[in-house]
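Let's take a walk through this one, starting with strands and ending with a pair of helices. Have the model open as you read.

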Amino acid sequence: MTSDQLVAVPETALPTLRAAVTGLPSYVPGRRSAGTDIAALASNESHYEPLPAAAVAVAEAAGRMNRYPDMAAVELRERLARHLGVTVEEVAVGPGSVGVLQQIITGLCDAGDEVVFAWRSFEAYPILVELAGARPVRIPLDDAEGHDLDAMAAAVTERTKVILLCTPNNPTGVPISHHRLEAFLQAVRSDVLVVIDEAYVEYADAGSGPDSLALYRRYPNVCILRTFSKAYGLAGLRVGYAITTAAIAEGLRRTALPFGVSALAQKAAIASLDAGEEMESRVFAVKQERARMAAELMAQGWTLQPSQGNFLWIRADAELLATLVDAFNAAGIMVRAYQGDGARITVADPASNNRVLRLLAAHAA
């Protein structure tokens with residue numbers, strides 16, 4: 001290119017972001033506070049400290065932080081494969097399930113392709129889809145705060161590449177039953193990847209949701225997405241995984257950020273899997289508190305759908321939601337508000353949960 005062919009630009013011109021980026025809504029995390037008198041119930045973290053075995057594993061691995069982690073996470077993938085009864089080739093890992101989901105969308109979607117999901121559901125869904133240049137297709141929840149699978153199936157077009165099913169759904173806590181999900185899979189084209197996002201599966205009562213592994217073995221277009229951030233208490237280390245066909249899993253590893261899962265996270269995840277009984281006892285305690293809270297709130301007059309996550313969902317219009325948020329803030333309780341829809345409240349320790357129950361009792365209909 002000669003000098004007279006160069007495009008003239010103003011001397012003050014600066015680099016600009018892609019339009020897809022400037023138009024993205026920011027992901028809004030649950031609010032945080034260091035105050036000891038604040039009940040931080042806006043993020044669906046485990047209120048327990050990390051499992052002791054995981055803490056030991058992290059401490060031991062910390063002395064080797066000068067070395068890169070195993071980019072292929074072979075040891076972790078092998079442990080997950082044994083835990084779930086799949087092959088190591090069918091396992092892909094990433095920085096939290098949201099990191100793996102980004103790998104999925106990046107690996108399958110070209111510009112203009114469509115990703116179908118329920119709404120309201122996990123807030124990162126539309127952000128990741130739009131960032132990839134694909135088109136988010138939001139399908140409203142049904143009257144029971146769950147996925148309207150018939151409407152989702154009807155929304156599939158020739159451009160649909162991925163369907164996201166969050167069960168139990170975040171933020172409503174409603175699961176998708178096994179028979180409904182299997183009927184849905186029979187109605188959807190086999191070349192559409194159906195991602196079953198089970199971030200909260202450990203908190204779900206047996207039989208309330210799908211047997212996702214059984215569905216995966218029958219329908220090869222199923223991808224199971226899970227995380228160590230919730231029940232295993234490793235939200236701060238960022239490690240999640242997908243179970244999918246060997247070909248798709250290999251593609252996810254290719255699209256992954258190199259060295260995206262730290263050595264500390266890998267070791268902690270393995271140790272957490274090995275401490276499964278202790279994790280399950282913690283989950284049982286959360287489920288007991290969830291049931292206690294739900295029963296009392298319904299006795300107060302609140303209408304609740306049975307939640308299968310580590311949280312409860314209060315449906316509220318804009319006026320009621322504003323009143324509740326102000327009351328929670330004044331009481332030093334942080335909950336997650338979704339404008340125009342409602343509030344999600346993480347189930348924590350009994351003392352924090354009692355604070356929530358007392359406040360909501362004062363605002364019950």
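Start at Phe117, whose bridge partner in strand 5 is Leu164. Keep in mind that you're looking at a predicted model. That pairing belongs to a parallel arrangement in which strand 3 (residues 114–119) is joined to strand 5 by 4 bridges.

Now look at the pairing of strand 5 with strand 6 (residues 193–197): these two also run parallel, with 5 bridges between them. Here Ile163 sits opposite Val194 of strand 6. So how enclosed is strand 5 (residues 160–166)? Of its 7 residues, 6 are buried, so the rest of the structure largely encloses this strand.

Next, move along to the helices. Two packed helices are described by the angle and the distance between their axes. For helix 11 (residues 276–300) and helix 13 (residues 350–362), the axes come within 10 Å and cross at roughly 10°. Angles under 35 degrees count as roughly parallel, so helix 11 and helix 13 fall into that class. On the helix 11 side, the contact is made by Glu289, Arg292, Met293, Glu296, Leu297 and Gln300; helix 13 brings in Pro350, Asn353, Asn354, Val356, Leu357, Leu360 and Ala361. Sorted by class, that contact has 7 nonpolar, 3 polar and 3 charged residues.

Gln300 deserves a stop of its own. This residue of helix 11 has a relative accessibility of 17%, so it counts as buried. Leaving out residues up to four places away in sequence, Gln300 touches Leu357, Leu360, Ala361, Ala364 and Ala365. The side chain of Gln300 also makes a polar contact of 3.3 Å with the side chain of Trp302.

Conventions:
Residues numbered from 1 in each chain as written. Predicted model: local features only at pLDDT ≥ 70, side-chain atom pairs only at ≥ 80, totals over all residues. Heavy atoms only, no water. Axes fitted to C-alpha atoms, helices over the stretch in contact; angles between N-to-C directions. Parallel < 35°, antiparallel > 145°, perpendicular 65-115°, else oblique. Contact = heavy atoms within 4.5 Å. Nonpolar A, V, L, I, M, F, W, Y, C, P; charged D, E, K, R; others polar. Buried < 20%, exposed > 50% of the residue type's maximum accessible area, 1.4 Å probe, protein only. Polar contact = N/O pair within 3.5 Å; in protein donor to acceptor, adjacent residues only side chain to side chain. Pairing = 2+ DSSP bridges.
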